[in-house]
Amino acid sequence: MDSATKGRAIYWMIAALILVSFLGLRATHRDFDRPFEWDELTTLRYFTWVGVEAEGEPRPLDRLEDIRAVGRPGARELAIGLYCSLGRWPEPGNHVVHSLVANFTTGLLTPSEASLRWAALVGTAAFGWVLFWLLSVSLQWRVAAHGTLILALWSPFVWRYSATARGYTWLFALQLLLSADHDRLDHVHAAGDHLAQDQAGTEL
């Protein structure tokens with residue numbers, strides 16, 4: 001491995017270490033398993049498999065004991081949950097990407113406050129990685145990328161939303177993806193314009 005390749009590897013490993021450190025600190029913080037907030041409970045009840053029986057009937061989730069008593073889902077329950085995330089709107093506020101991921105986090109870890117919030121934490125990981133890629137690769141702001149990643153992750157908004165079982169961290173990530181795609185299209189258009197100008201000059 002030459003020195004340039006080793007330098008790039010270390011550069012990305014530092015970013016991964018920052019991101020993993022944040023995820024570890026956030027997942028072990030005392031408020032990660034705080035009682036459900038109302039809109040989080042709405043997500044669990046209406047937009048994941050947890051709120052539906054295997055036969056398709058609504059599952060009563062009026063008490064915490066009802067949620068604790070739910071085991072791991074079968075394939076049928078998980079499929080119903082995916083449908084609830086994508087095509088069922090009994091209440092407003094379905095953050096679709098978060099709801100989709102929440103089906104898997106609650107299925108793998110069993111339903112709880114923390115397992116539902118892991119979907120938002122996965123969104124934070126996506127946000128952090130896309131942000132770092134956008135800064136270091138797309139915009140070529142390599143010197144500022146690590147510091148910006150730290151400031152973004154530990155900002156009050158991201159810190160709060162990374163442990164709120166709603167889709168705000170996924171919104172951050174998707175906004176950055178759209179920005180990256182817009183930047184890519186700008187480069188494609190600029191390259192096309194230069195090529196057209198070169199061809200026009202050649203013809204003249």
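# Notebook: an all-helix predicted model

I began with helix α1, where I listed Tyr 11, Ala 15, Ile 18, Leu 19, Phe 22, Leu 23 and Arg 26 as buried, taking buried as under 20% relative accessible area, exposed as over 50% and partly exposed as in between, with a 1.4 Å probe and protein chains only. An α-helix has 3.6 residues a turn, so residues three or four places apart point the same way. I then looked up what lies over these residues, and the cover includes α6 (113–138), α7 and α8, where contact means heavy atoms within 4.5 Å. I also checked the length of α1, residues 3–27: at 1.5 Å a residue its 25 residues should span 36 Å, and the end C-alpha atoms are 36 Å apart, which agrees; the expected span is 1.5 Å times one less than the number of residues.

Before going on I noted that this is a predicted model, in which local features need pLDDT of at least 70, side-chain atom pairs count only at pLDDT 80 or more, and totals for chains, interfaces and linings use all residues. Residues are numbered from 1 along each chain as its sequence is written, and side-chain values use heavy atoms, with hydrogens and water left out.

**Overall content**

I counted nine helices and zero strands in the protein chain, with helices (H or I, at least four residues) and strands (E, at least two) taken as DSSP runs numbered from the N terminus. Of the 204 residues, 40% count as buried, and residues 24 or more positions apart account for 70% of the contacts with a separation of 6 or more. The chain exposes about 11,400 Å², of which carbon and sulfur atoms supply 66%; accessible areas come from the Shrake-Rupley method with a 1.4 Å probe, and for residues only the protein chains shown count as cover.

**Salt bridges**

I searched for salt bridges, each being a side-chain nitrogen of Lys or Arg within 4 Å of a carboxyl oxygen of Asp or Glu, and the count came to ten. Arg 26, already on my list of buried residues in α1, forms one with Asp 31, the closest N and O atoms being 2.8 Å apart, and both residues are buried.

Which residues does the network around Glu 40 link? I found Arg 34, Glu 37, Glu 40, Arg 117 and Arg 160 linked by salt bridges. Glu 40 lies in helix α2 (residues 38–46) and Arg 117 in helix α6, so the pair ties together parts that are 77 residues apart in sequence. Glu 40 is buried, with a relative accessible area of 0%, and Arg 117 is buried as well.

**Around Arg 166**

I next looked up Arg 166, which sits in the loop between α8 and α9 (168–203) and is buried, with a relative accessible area of 7%. Leaving aside neighbours within four places in sequence, Arg 166 is in contact with residues including Asp 39, Glu 40, Thr 43 and His 98. Arg 166 and Arg 117 are 49 residues apart in sequence and 7.9 Å apart in space, C-alpha to C-alpha. His 98, in helix α5, counts as buried at 1% relative accessibility, and the residues it touches, not counting those up to four places away in sequence, include Thr 43, Ala 120, Arg 166 and Trp 170.

**Aromatic pairs**

My search of the whole structure found twelve aromatic pairs; rings of Phe, Tyr and Trp (its six-membered ring) pair if their centres lie within 6.5 Å, and planes under 30 degrees apart count as stacked, over 60 as edge-to-face and the rest as tilted. Tyr 11 and Trp 12 form an edge-to-face pair, 6.3 Å centre to centre with 80° between the planes. Tyr 11 is buried at 10% relative accessibility, whereas Trp 12 is partly exposed at 24%. Ring pairs link Tyr 11, Trp 12, Trp 129 and Phe 132 into a cluster.

**Positive phi**

Most residues other than glycine have a negative phi. I noted Thr 110, with a positive phi of about 70°, in the loop between α5 (96–109) and α6, and Gln 140, with phi near 60°, in the loop between α6 and α7.
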